[in-house]
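Please look through the sequence and the model shown below, and keep both at hand while reading.

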Amino acid sequence: MLGMSANSVSYNEQGSVESGVDAAPWFLCRNEDLKEMLESNKESLKLEAMKRIVGLIAKGKNASELFPAVVKNVASKNIELKKLVYVYLVRYAEEQQDLALLSISTFQRALKDPNQLIRASALRVLSSIRVPIIVPIMMLAIKEAATDLSPYVRKTAAHAIQKLFSLDPDQKEHLIEVIEKLLKDKSTLVAGSVVMAFEEVCPDRIDLIHKNYRKLCNLLVDVEEWGQVVIIHMLTRYARTQFVSPWREDAVFDENSEKAFYDSEEERRVDQSKPYIMDPDHRLLLRNTKPLLQSRNTAVVMAVSQLYWHLSPKHELSIITKSLVRLLRSHREVQYIVLQNIATMSIQRKGMFEPFMKSFYVRSTDATHIKTLKLEILTNLANEANISTILREFQTYVKSQDKAFAAATIQAIGCCATNISEVTDTCLNGLVLLLSNRDETVVAESVVVIKKLLQTQPSQHSDIIKHMAKLFDNITVPMARASILWLMGEYCEHVPKIAPDVLRKMAKTFTDEEDIVKLQIVNLAAKLYLTNSKQTKLLTQYILNLGKYDQNYDIRDRTRFIRQLIVPNEKSGALSKYARRILMAPKPAPVLQSAFKDRDRFQLGTLSHTLNSQASGYLELSDWPAVAPDQSVRNVEVVEPVRLPLRESESEENSNDSNKSSSSQSEKSSSESDSEKKKKTLKNKKLQQQKPDSKDRQKRIRSTCLRIMQHNYSLNYYLPPQIIQKTLNIMTKYILIHIVLSISSPFFVNCMCSLLHLCVFLACQFDAVSWPVRVSLQASSPVFVPETSHELLHRMTGKGLSAQYRFTRQPCIYGNSMVSLQLTLSNRTDQALENIHISEKSSTGQNIHRFNAIERLEPQASVTVSMGVDFNDSTQTANFQLCTKEDEFSVSIQPAVGELLLPITMSEADFTKEQGKLVGMNESSATITITPENVSSQSVNRKVVSVANLGVIPSGQENIYRFAGKTVSSGSLVLVSVALKDPDAMITINTEKTVMGSMLLRQVKTALTNSGP
Amino acid sequence: MIHSLFLINASGDIFLEKHWKSVVSRSVCDYFFEALERATEPENVPPVIPTPHHFLINVLRHRIYFVAVIQSEVPPLFVIEFLHRVVDTFQDYFGVCTEAAIKDNVVVVYELLEEMLDNGFPLATESNILKELIKPPTILRTVVNTITGSTNVGEQLPTGQLSVVPWRRTGVKYTNNEAYFDVVEEIDAIIDKSGSTITAEIQGVVDACVKLTGMPDLTLSFMNPRLLDDVSFHPCVRFKRWEAERILSFIPPDGNFRLLSYHVSSQNLVAIPVYVKHNISFREGSSQGRFELTLGPKQTMGKAVESVLVSSQLPRGVLNANLNPSQGTYTFDPVTKLLSWDVGKINPQKLPSLKGSMSLQTGASKPDENPTINIQFKIQQLAISGLKVNRLDMYGEKYKPFKGIKYMTKAGKFQVRT
């Protein structure tokens, strides 16, 4: 039944114009009918209608105007109907965003369903609806699903992460949190999907893998095959950053080291560099992937092969050969990809595939691209031992009916001939025989290859040149004719009798030749004129005259040039002396090399390798590190149990300390020793926990400071006020400041400050040792606060109330992630305005800290208030309502990207270190021509800090200016550097927030290119 | 990963499209059509085609191009393997994978594609799991569904998804418990003019059809496992056990599956079961050519060579062929110049032959190459490598299953150069 209806649809379709007007009335009535069916009470009718609609979608027909009718059925009990509605929804939701929102509540309900399949499919559809408004709902759903009991739902959550990321990249930070959580998942079902999400969202966060590395290696065999591919590719990348190279020069030597030991005296052993010992984790990866070479999935086998290629010691590489050759039995497309990879491998390591040479023999039924690849591999595999077999095989190919393939074979023979000198003569003779072939392409290709070969050793081959001259009349392919002429000219001294005769013939046919042949005729004439001017002078004159009036300007130019060069006259004195040396210079022989030579810059098995050009999203495989990074990062300890006892012991120690310090009161030295101890404790703690997340870190610092305070509050010594001030400044970051300020007694303030100073001292010690990130985030005061204020509400629209705002560039006191704003409200009416406030209901997502309502504003008076807005690191406008007693005005604030930052200070070394971490897609840069008045250091600094709220980093290098800041909401680093290279300047911005980075780049660019203040 | 999928038939019509992310306009296929036009044969279309914004990865099966649209870096084999898996699934569901079958079952196709990929990443490709989610269409089920209003779509998560044996569902029940294994070997060979073997190798597979109740655990052992040089397994096979004891131990999927594919080590001499005597010649200056072909059995271990089919791509200059087969029928397509001769069974007493003349284009020069002859054949009850199954045991269930093993040898890519 369905089949019939589908057919009738297609008939009608083919008759009418695709999107034409004629189709419209037909569509209308058709869809009316479907609409009716969808609105009926009968499930079967609805189902039938949905099936037809899916048929329309499958054919690519537009069925979007049925959206309202379809979306009603989203809550249907019939599961098949529901699924079809889902299919429809995912297809059209992007186009009909408002209507799509109607279905959201159904999914939210389904997310709580006891049936895991329903939960999962609800999440799938919810996350597939590409409607930006529901991003927060999606985020919430993903977070919830990531902790679901069912691994299937968690898997779906991992997929949803990628969808949300592509919909709204700003959610990256939150998504990374979810990925981090899911990476810890022990289910094999989840592993592949979450690694996929990792690769898509944050491939540079290799630190998230450390703890999960061993688990992933061990789970790998049980993961479903598609997941295996993704995980293996990711682990390849990981391993290249974490382990040292197993490809040591002395690797072979090491294998025989036992022998060497017996042979030689002790000293020699000592002299030897430390033998390479493979990291056990490196070995684990190789060991656990090896069985996967037996997988039935070709993608898995290829993935393992590339892993071995990029990671294993050279002598272990041979195990992949058989598996790769096995893949050649698979489908045509698989063969194509595998052969490409083998071609790249065979250039570097012939030995690997030589025993399997016969597997690469070409069959007449192979597709052309497969034939060419096999030819390529055979050429790469050729060596002295097997060349005769290969050449015999090539002879068969030359006779192939597929002439393009025959031509490629001739090229391959040429390659073999240059690479293996023993067979050069044999090959040449074979090629000369081909010159009498009936097929033009074969002959042409042979001539071209012979030409290349002769260039390497011309003297012995004058008879070949003679032979070619004899055949010349029968050859019609221009490229071949040109090649022969070039050979004649180049080696005219070897064939002194024949060359002038050829020139004579050519003079006759000059006008009928192709352009490239004409050029070579002119060339030949010139060369003969120089070597044998007696015989050819007139001929040359004639040809040059012909060339002078040729239609092609290249030939006219060449003729003019040659004439000036070779015919001596008064004008061209100097150059013609060198004519012989110019024209008859010995030319280097062309190098015949494989087309796959440069492909090894790409990771094997990737799309980029196949295309030999970088595809978007290609992740570079890094070089081996010279020194292995810390191995212990992969040690998995159960984190919680380790931490807790540690804390206890620490507090014990602390209590001891307090006893001690109370016993030795008001002794500076004791406090010092005290602090020393604490330092040790902290260091110990640091060693235990390698990667605490930032919140945790802050909390710990805070608690440490507090504890020190508690212990030492009896101490009392004086600190100069400027130090107090400094300490306070630095410690603003920690909420500690509130505690200090809340204690009013001067005695307390003093001792607090000393303690704070201690804390700062400790914290600095800390940072220098282990937490580079923390140092870098020292907040500092803004370098420059612009005075300009922006209009928020004009007095005309505000019925007399006018408002202006400006960015104070100070850390906001209302919340850590808020940008602080100063609002100036003025009353331009002649009556007092009452109860000025911001309405409670905020229209957009931003979190706004409102100013306290102003009870009364007298006429012509103005008042300044401050407020905070959490822009969430985006330049979206914050919309809110400014209300008076009578009226409401909608106003909006659009922040410039530079205002979403807070300045920070850091050392130059830290800056470069952080910059080094934020490369790749996190880096945006541009080169500009700087206006002269901006060249001085002050003006660059001024320009940049006026555009963005950044801190200036003292720079050791001249002409490089560095600025650092962090985003207000997420605290991500933003590093700006301007390198002046007169008259250009290179601006580089490094930040995880790539969107902000590029916006900032644009603004800095305009600031530096514009003249004026 | 995979953005969209387009199905294109031999005449270049897009007859199905499916998008997993934002919709990609079907105009992207124009790049594919361009490549198709450039290719002389349908097989010559490059599998990976770059376009300014996307990459098209295509596979050709059953005269249908499956074109996947990719936007960023992905291992190409991943996509190719997946597309082949899609085709296999269609074949499994509808019996054949043709344009008509896909169009008739467009809703099931859509449901399948929806389950197989989520956001372009494979979700469920195991046929066992898919069949629980979407039941294959049968006439009986269609009738029942229309009467009872039940659907083809499963309401519960397939048990396989979560278990450690995702390939097998729980609660399988059969009245007749049976397990059949087919050992099928293919010979790939290139024979040169003089009849000597240039290259020959044997590839084999063990296909199984297992219909057993419950959760049986099977072990299969070979008499001569050393023959197997390189193997690849269905995921159900326990690799460690194979490494240690050379025994295949596995919990089988339900129904048909490929247990094992193998390659017989190249050290062993490969027995070539047929020989060809040929005499194909063209004379210079004459518009006639001679064609003689005789087939004969060789090293067949006493088994009959059946279903023999000879095909050859004759040179372009050949206008027609006037041949006389001693048995079977032959056809010659003057457009594609493809000669095929359906021989049938080779009778060792009376060798089949095909003799006659070819007429050439007048004035055309003599073709400089003789055609290659492709041969297909089958030999029942013989694994040419000599591989033999020793025994099959079942653990974990109490009943006694019916067991059967079948051997067969086929020609793979068997070519004779003349």
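Is A:Tyr213 buried or exposed? The model is a predicted one, and in it A:Tyr213 has a relative accessibility of 0%, so this residue counts as buried, given that buried means under 20% relative accessible area. The partner of A:Tyr213 in an aromatic pair is A:Phe243, and the arrangement of these two rings is edge-to-face, with 5.9 Å from centre to centre and 65° between the planes. The two residues belong to distant parts of the chain, since A:Tyr213 sits in helix H14 (residues 213-219) of chain A while A:Phe243 sits in the loop between helix H15 (225-242) and helix H16 (251-255) of chain A, 30 residues apart. A:Phe243 also has 0% relative accessibility and therefore counts as buried.

A pair of aromatic rings is described by the distance of the centres and the angle of the planes. Over all chains, the structure holds 24 aromatic pairs. In one of them, the ring centres of A:Phe67 and A:Tyr88 are 5.8 Å apart and the planes stand at 50°, so this pair is tilted. Because A:Phe67 lies in helix H4 (residues 67-71) of chain A and A:Tyr88 in helix H5 (residues 79-92) of chain A, the pair ties together parts that are 21 residues apart in sequence. A:Phe67 counts as buried because its relative accessibility is 0%, and A:Tyr88 counts as buried because its relative accessibility is 0%.

By kind, the lining of the largest cavity divides into eight nonpolar, four polar and nine charged residues.

The second largest cavity holds about 150 Å³ of space. Its lining is made up of 15 residues, and those that lie nearest its centre are A:Leu328, A:Ser359, A:Arg363, B:Glu201 and B:Lys413. Strand S9 (residues 197-211) of chain B provides the largest share of this lining, with three residues. The lining of the second largest cavity divides into three nonpolar, four polar and eight charged residues.

From the cavities we turn to a pair of strands. In a regular strand the side chains alternate between the two faces of the sheet. Strand S9 (residues 878-883) of chain A runs antiparallel to S10(A), and six bridges join the two. Within this pairing, A:Gln881 has A:Ser890 in S10(A) as its bridge partner, and a hairpin of four residues joins S9(A) to S10(A).

A few single residues complete the tour. A:Thr931 is placed in the loop between strand S12 (923-929) and helix H46 (937-947) of chain A, and with 18% relative accessibility A:Thr931 counts as buried. Although A:Thr931 and A:Asp984 are 53 residues apart along the chain, their C-alpha atoms are separated by 9.1 Å.

In chain B, which residue has a positive phi of about 50° although it is not a glycine? That residue is B:His62, found in the loop between strand S4 (55-61) and strand S5 (64-70) of chain B, and its relative accessible area of 38% makes B:His62 partly exposed. B:Ser307, which is not a glycine either, has a positive phi of about 45°. B:Ser307 is found in strand S16 (residues 306-313) of chain B and, at 41% relative accessibility, counts as partly exposed.

Conventions
Residues are numbered from 1 along each chain as its sequence is written. Chains are lettered from A and ligands numbered from 1 in the order in which they are written. This is a predicted model: local features need pLDDT of at least 70, side-chain atom pairs count only at pLDDT 80 or more; totals for chains, interfaces and linings use all residues. Side-chain values use heavy atoms; hydrogens and water are left out. Rings of Phe, Tyr and Trp (its six-membered ring) pair if their centres lie within 6.5 Å; planes under 30 degrees apart count as stacked, over 60 as edge-to-face and the rest as tilted. Buried means under 20% relative accessible area, exposed over 50%, partly exposed in between (1.4 Å probe, protein chains only). Ala, Val, Leu, Ile, Met, Phe, Trp, Tyr, Cys and Pro count as nonpolar, Asp, Glu, Lys and Arg as charged, and the others, Gly among them, as polar. On a 1 Å grid over the protein atoms alone, a cavity is a set of points where a 1.4 Å probe fits but cannot get out, and a pocket is an open set with protein on both sides within 12 Å along at least five of seven lines; lining residues have an atom within 4 Å of a point. Grid points are joined across faces, edges and corners, and a volume is the space filled by probe spheres set on the points. Two strands pair if DSSP finds at least two bridges between them.
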